[in-house]
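Please walk through the strands of this structure, and explain how they pair and what surrounds them.

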Amino acid sequence: MNYDDGYVQNIHYGDIHTKYGCLLDSCTFPVPFLNPDISILKFKDGSYLQKGDIIIADTAEDNSVGKALEIVNMVFPTLSGQHTIACRPKTHFATGFLGYFLNSDYFHNQLLPVITGTKVSSISKANIVLTRLLIPPLPEQEKIAEILTTCDRVLTLKRELLEEKRKQKQWLMQNLLAPDSGVRLLGFNGEWESTHLSKVSQICKGTQINLDKLTKSGPYYVLNGGCTPSGYTNDWNVDEDTVSISEGGNSCGFVNYNIAKFWSGGHCYTLQNLHNNIHRYFLYSYLKYKEGEIMHLRVGSGLPNIQKKDLSIFLISYPPLPEQTAIAEILSTADKEISLLEEEIQAWELKKKALMQLLLTGIVRTI
């Protein structure tokens, strides 16, 4: 499949899980074409989708199987691919209503008991037809779809803005953290220096805590490799405002800035006792910019890790401290803007989920 050339578009089950929302308008969201070397003569006229059709992904690697979308608009003739079930409503529904209802907890909870498979989860057409729908009057369907579509529009705009902010941050990093970029902040012209990471910081490996000692909540999170906390504990061994680097696992080399005290586990490096000519957030930003190179230091196949001796000689470059401070302030502001947008998106996702629960079960009526 490709996105550039073809006569017939194809909805892939993987895209239903990862790319598409509850509704699909191919006028505004790209749908891939079947490659031109595939003959479309073998497809009967009845195989092509229509506006209002529902496509259900009948396979997944987890219990997300059953994810559905509603076709609300099409430009080209469109087919549903393998591991999908195409459904055509027998009665008229408001545009968008079924797309949202079939992705509600009420509907998906009916599928959970009949999902089959261990490594790969599947749902059958025979079980889908046994599910029950809650169908309000058409005017209420229209109102529900309008409310949830508005939520989706807000989420789309915020996600687009977030992507732009991330691109801006990447541009800033590429130009402010590379001594040979040719871009300097106004008023700064001091020479950049280069040295090994161990020359400007003490690289400390954490102390292991067994999983059975961790809790689901607590005053201090535990970083034990990985990108997110492994759990929580009542004690800490690293101060706030500390840079950490994952030592082991598939995410080894991941760079993080910790604004609160935490427990550094056995698969976590922290950078402590920084030299007085190094700004903490500048160092974090520089290492985050070089994160890909740090990840390439990993060795081993079963459980990859980064050796302390290799991290110690990792080469860093930095300008005089006043310019580091100015760069850190710019990048910190960019990070805060990104974090704020991420929080707003998460809040709107929760709001939409709550609205779906209330509106699609009749707990709250719109008319």
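In this predicted model, strand β13 is largely enclosed by the rest of the structure, because five of its five residues are buried, each with under 20% relative accessible area. In a regular strand the side chains alternate between the two faces of the sheet. Both faces of β13 are covered, with Thr242, Ser244 and Ser246 buried on one side and Val243 and Ile245 buried on the other.

The neighbours of β13 within its sheet can be followed strand by strand. Strands β13 and β14 run antiparallel and are joined by four bridges, and within this pairing valine 243 stands opposite tyrosine 257 of β14. Four bridges also join β13 to β16, again in the antiparallel sense, and here isoleucine 245 has tyrosine 269 of β16 as its bridge partner.

These pairings belong to an open sheet of four strands, ordered β10-β16-β13-β14, in which the pairing is antiparallel. The edges are formed by β10 (202-205) and β14 (255-258), each of which pairs on one side only, and the twist from one strand to the next averages 30°. Helix α7, which spans residues 280-289, packs on this sheet and touches β13, β14 and β16, while its direction makes about 160° with that of β14.

Another open sheet of four strands has the order β2-β5-β3-β7, and its pairing is mixed. Strands β2 (23-25) and β7 (84-87) stand at its edges with a single partner strand each, so one side of each is left without a neighbour in the sheet. The twist in this sheet averages 30° from one strand to the next. Strand β2 pairs with β5 (residues 68-73) in the parallel sense over three bridges, and leucine 23 has glutamate 70 in β5 as its bridge partner.

Isoleucine 363 counts as exposed because its relative accessible area is 55%, where the exposed class begins over 50%. Together with Leu358 and Val364, Ile363 forms a nonpolar patch on the surface, and the three residues have about 230 Å² of accessible area together.

How values were computed:
Residues numbered from 1 in each chain as written. Predicted model: local features only at pLDDT ≥ 70, side-chain atom pairs only at ≥ 80, totals over all residues. Heavy atoms only, no water. Pairing = 2+ DSSP bridges. Helix = DSSP H or I, 4+ residues; strand = E, 2+ residues; numbered from the N terminus. Axes fitted to C-alpha atoms, helices over the stretch in contact; angles between N-to-C directions. Contact = heavy atoms within 4.5 Å. Patch = residues over 30% accessible without salt bridge, like charges linked within 9 Å, V, L, I, M, F, W, Y side chains within 5 Å. Areas by Shrake-Rupley, 256 points an atom, 1.4 Å probe, with all protein chains shown as cover. Salt bridge = Lys/Arg side-chain N within 4 Å of Asp/Glu carboxyl O. Buried < 20%, exposed > 50% of the residue type's maximum accessible area, 1.4 Å probe, protein only.
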